[in-house]
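Visitor: I am new to this structure and would like to be shown around it, one question at a time.

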Amino acid sequence: MCGIIGCNGVESAVPVLINGLKKMEYRGYDSSGIAVLCKGKTVTEKKKGRVAALVKELERKANSEAQIGIGHTRWATHGEPSDENAHPHQSGKFTLVHNGIIENHTKLKEQYLKLTAMKSGTDTEVAVHLLNRFCSDSCLEAIAHTAKQLEGSFAFAVMYEDEPEKLFCVRQASPLVVGLGEGTFAASDTAAISENIHTLYRMNDGEIAVLEKDRISFYDFELNRITKTPDVFEKSSYTADKGSCEHFMLKEIYEQPEAIRRTVEAYLNENGFDLGLKPAKPERIFIVACGSAYHAGLVGRRVFETLAKIPVSVETASEFRYSEPLVNEETPVIIISQSGETADSLAALREAKKRGAKTLSIVNVKESTIASESDFVLLTRAGPEIAVATTKAYGAQLSALYLLGIYFAESFGTADKNELEEMKKALNDLHKSVSAALNCEEQIKEIAHRLKGIDRAYFIGRGAGFAAASEGSLKLKEISYIHCEAYAAGEMKHGTISLIEKDTTVIAMNTQTALAHKLQSNIDEVRSRGARVIAVTSADSKINADETITLPEVHPLFAVSTQIVPLQLLSYHIARLRGCDIDKPRNLAKSVTVE
Ligand code: F6R
């Protein structure tokens, strides 16, 4: 993760860098730092902690008039969060910020830098020392030579005191965009520079960009010039603020109905589907993703298998990429990713393509690498998601999967036509049911007051209910730091039930009306051992528990979309009562661009 930024030819670099870093803090918040060139000399300021700590530090110093600079916000991979390990790193006349992991940093140090004293515990520092070592007089040549020595992933922004009018950027397997406006700009994420630019270029792996005041030139690692065409860039889609909400997470939970409505309407209208896909029925489909997107994939499997009668394998991307997956031209692979930059998901996509599979990605960020490398893209329309814990993007991913499931069933003739028409209507109205589900917030607040002190919780469900349980469990643990586990309800009795004691919290998801009586037995089993069970269910399906959260009736296939809402709100309110940093939970970052 980490976010990098650079600018050149601006009136004052410091505010541009700080503004951009604030917008990229979701990428990591262990430390931040900037470096600017002032009259050809490097001035660096870096600090452990949030960008706010850096801003405080900068306020105590004289304001710089520098027009060129680089900045960094860190998610620590090598070396603890500290002032020393914060970027930028410097060696001689070079200063550099880095996003990624240099996997061969130890070998490179032994090979080239035996006598160089390292000031930090980072992998990054090796790169800046290599630049210094390899440079005779051209920074560009030193960068190309260094880049070829490095293994792993890197996006760099580099300044060199002997060429103070140029900013150098490099991309290899870590995201990086550059753009033109009143000056030139570079960043890990378009959002960081969107207000400064009118023209955007997405860099590809193996490319170097040289940013002068008013132009950008591109090279490959052999220093051949490259001609690039600008990317389509919509400024308006990058505004994000908390509105009247205390946290982005709450605002985004409330934006979920709109995210669903926009996603569905983009691909399904009164004339039917508008997907631009002509699928032939495959033998098997793979769905690959990480974290919450993986949990959306679990729901997708139920939908595809039920409607389209295709066997589906759902894999976490970090496992898929190294598993010699049984994927070929006959097995389409669906990648789900909010950011479209998750390193494991991107690697899985490339692995699938290498094996000849057609790839479809469900992505929220149009300009992302996963979107640009997939054969087909189904864009979710959740808008920018800022809170680290995903909510509305997850909701939009579910809708995209429902759309695909119904579309496949219609194309393959695997479900009753009238039923499919009913489903389409229900999907068009799903946002209304999700909106109505938000009415449970007052009940949730009371439950949160009672549960705020618990040290563990179990989430159970059957079928799609287990997928919902998995997502609910992840939400609560990641933002409140309560130990949570999700179990297929019928599996509890095979071991985990021994952990149930008096007053252990169990949350039971009843998404499958047909299996409600089976879930009821599992609820009774844990209650008779002392558990306090909160059941989440739709109005049309009765469940006996210590407390029930009843949600509006919804088509059973879409029940996870309404039932996830109380779990998102519960996590939010418990975390708030525990005083947790909701939008930026410890140790996490939103866009996981390292393995
Ligand atoms: C959890 C969460 C993560 C992401 C995961 C994948 O709330 O947000 O588990 O779902 O890191 O990220 P994307 O969807 O960007 O690939």
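Visitor: In which loop is the place of Glu-324?

Guide: This is a predicted model, in which local features need pLDDT of at least 70, side-chain atom pairs count only at pLDDT 80 or more, and totals for chains, interfaces and linings use all residues. Residues are numbered from 1 along each chain as its sequence is written, and side-chain values use heavy atoms, with hydrogens and water left out. Helices (H or I, at least four residues) and strands (E, at least two) are DSSP runs, numbered from the N terminus. Glu-324 has its place in the loop between α9 (317-320) and β19 (333-337).

Visitor: Is Glu-324 buried or exposed?

Guide: Buried means under 20% relative accessible area, exposed over 50%, and partly exposed in between, with a 1.4 Å probe and protein chains only. Because its relative accessible area is 59%, Glu-324 is exposed.

Visitor: What is the phi of Lys-309 near, and where is the place of this residue?

Guide: Most residues other than glycine have a negative phi. Lys-309, which counts as partly exposed at 47% relative accessibility, has a positive value instead. The place of Lys-309 is in the loop between α8 (291-308) and β18 (312-316), and its phi is near 55°.

Visitor: Which residues does a cis peptide bond join?

Guide: Most peptide bonds are trans. Here, in the loop between β4 and β5 (89-91), one finds Pro-88. With omega at about 0°, the cis bond joins His-87 and Pro-88.

Visitor: Which residue in β4 is the bridge partner of Ala-35?

Guide: Strand β2 (residues 31-38) pairs with strand β4 (residues 68-74) in the antiparallel sense, over 6 bridges. The partner of Ala-35 in β4 is Ile-70.

Visitor: How many Å separate the centres of domain 1 and domain 3?

Guide: The bounds, which come from an automatic or database domain assignment, divide the chain into domain 1 (3-226), domain 2 (244-428) and domain 3 (438-584). Taken over C-alpha atoms, the separation between the centres of domain 1 and domain 3 is 44 Å.

Notes
Pairing = 2+ DSSP bridges.
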